[in-house]
Amino acid sequence: MANPTIVLIHGAFADASGFRGLYDELLGEDVAVIAPPNPLRGLSGGDGEYIKAVIGGIGGPVLLVGHSYGGSVITAAGTADNVVGLVYISGFAPDEGENLTDLQSKFPAPGIIPYIVQHPLPEGGNEFTLAPEGFHESFCADIPAADAAFYAISQRPLAGVALTEAAPTPAWRSRPAWAVLGTADRCIDPGVHRFSYQRMGATVTEIDGGSHVVMISHPKEVARIVLTAVRTCAVQSA
């Protein structure tokens with residue numbers, strides 16, 4: 001069977017440009033890659049359905065790769081019929097009925113907390129960004145300061161509803177999963193990842209000292225995991 005198309009889903013406080021290093025590592029590996037925008041409006045606000053629509057336009061099997069909040073999105077969207085596997089990069093992986101605030105509350109508070117900035121939305125509710133002065137330290141401490149400064153000014157906000165809404169039936173109950181996490185993640189406590197990935201039975205790789213953005217700071221290692229998932233899913237689906 002042909003290799004599945006890799007669909008890269010970014011998370012909060014970011015856009016798809018954070019996948020550039022990973023994309024470069026995947027070039028020449030006989031895989032198709034797309035990195036669509038994630039609306040960041042919450043699963044009930046359409047993020048999961050939007051990505052399902054993207055997946056529906058792909059003719060053939062799909063491997064979903066989700067970073068950070070993008071993990072929640074692939075957990076919801078990954079129930080689409082042509083999704084054959086999931087890869088979590090420091091990504092949330094909620095169970096049915098669980099919300100991200102409750103999941104994180106069982107573990108130490110992450111280092112981003114002092115830097116979260118709240119912005120009211122015209123239609124009601126709030127969205128959140130990270131203050132630029134704390135962005136490097138709390139989000140991406142293991143990349144150059146100049147790169148962090150650009151990511152800080154180009155970040156996209158996350159709607160507050162994404163943190164409190166209950167997750168739907170998770171795709172990881174019916175799809176094979178792989179996961180990679182940085183042990184120095186200050187955006188989501190590493191304990192959240194370890195708990196979630198063990199619960200789902202994922203094949204887990206830890207990157208010692210890696211920050212929340214291990215796909216930027218360690219693209220070769222993350223690419224190896226993604227390609228392992230690609231090849232395993234291609235064989236299993238043949």
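Which residues are buried in helix α5 (residues 132-139)? In this predicted model, residues are numbered from 1 along each chain as its sequence is written, local features need pLDDT of at least 70, side-chain atom pairs count only at pLDDT 80 or more, and totals for chains, interfaces and linings use all residues. Side-chain values use heavy atoms, with hydrogens and water left out. Helices (H or I, at least four residues) and strands (E, at least two) are DSSP runs, numbered from the N terminus.

The buried residues of α5 are G134, F135, S138 and F139, where buried means under 20% relative accessible area, exposed over 50% and partly exposed in between (1.4 Å probe, protein chains only). These residues lie on the same side of α5 because they cover an arc of only 125° around the axis, the arc being that of the directions from the helix axis to the C-beta atoms. They pack against β3 (62-67), β6 (126-130) and α6 (145-153).

Two packed helices are described by the angle between their axes and the distance between the axes. The axes of α5 and α6 cross at roughly 120° and come within 9 Å; axes are lines fitted to C-alpha atoms, for helices over the stretch in contact, and angles run from 0 to 180 degrees between N-to-C directions. α5 is therefore oblique to α6, given that angles under 35 degrees count as roughly parallel, over 145 as roughly antiparallel, 65 to 115 as roughly perpendicular and the rest as oblique. On the side of α5 the contact is made by P132, F135 and H136, and on the side of α6 by A145, A148, Y151 and A152. Contact means heavy atoms within 4.5 Å.

F135 also takes part in the surroundings of Q155, a residue in contact with F13, A14, T129, L130 and F135 when its neighbours within four places in sequence are left aside. Q155 is placed in the loop between α6 and β7 (158-159) and counts as buried because its relative accessibility is 13%. Its side chain reaches the backbone oxygen of L130 at 2.8 Å. This is a polar contact, that is, a pair of N or O atoms within 3.5 Å; within protein, one must be able to donate a hydrogen and the other to accept it, and residues adjacent in sequence count only if both atoms are side-chain atoms.

A14 is found in the loop between β1 (5-9) and α1 (20-26), and at 15% relative accessibility A14 counts as buried. Apart from neighbours within four places in sequence, A14 is in contact with L40, F139, Q155 and R156. L40, in the loop between β2 (33-34) and α2 (47-56), is buried with a relative accessible area of 0%.

Most residues other than glycine have a negative phi, and most peptide bonds are trans. L40, although not a glycine, has a positive phi of about 60°. Phi is also positive, near 50°, in S90, which lies in the loop between β4 and α4 and counts as buried at 0% relative accessibility.

In helix α8 (residues 190-200), P190, G191, V192, H193, S196, Y197 and M200 are buried. Their cover includes β4 (83-89), α4 (100-105), β8 (177-182) and β9 (203-207). At the start of α8, the backbone nitrogen of G191 has a side-chain oxygen of D189 within 2.8 Å. G201 follows α8 and has a positive phi, near 75°.
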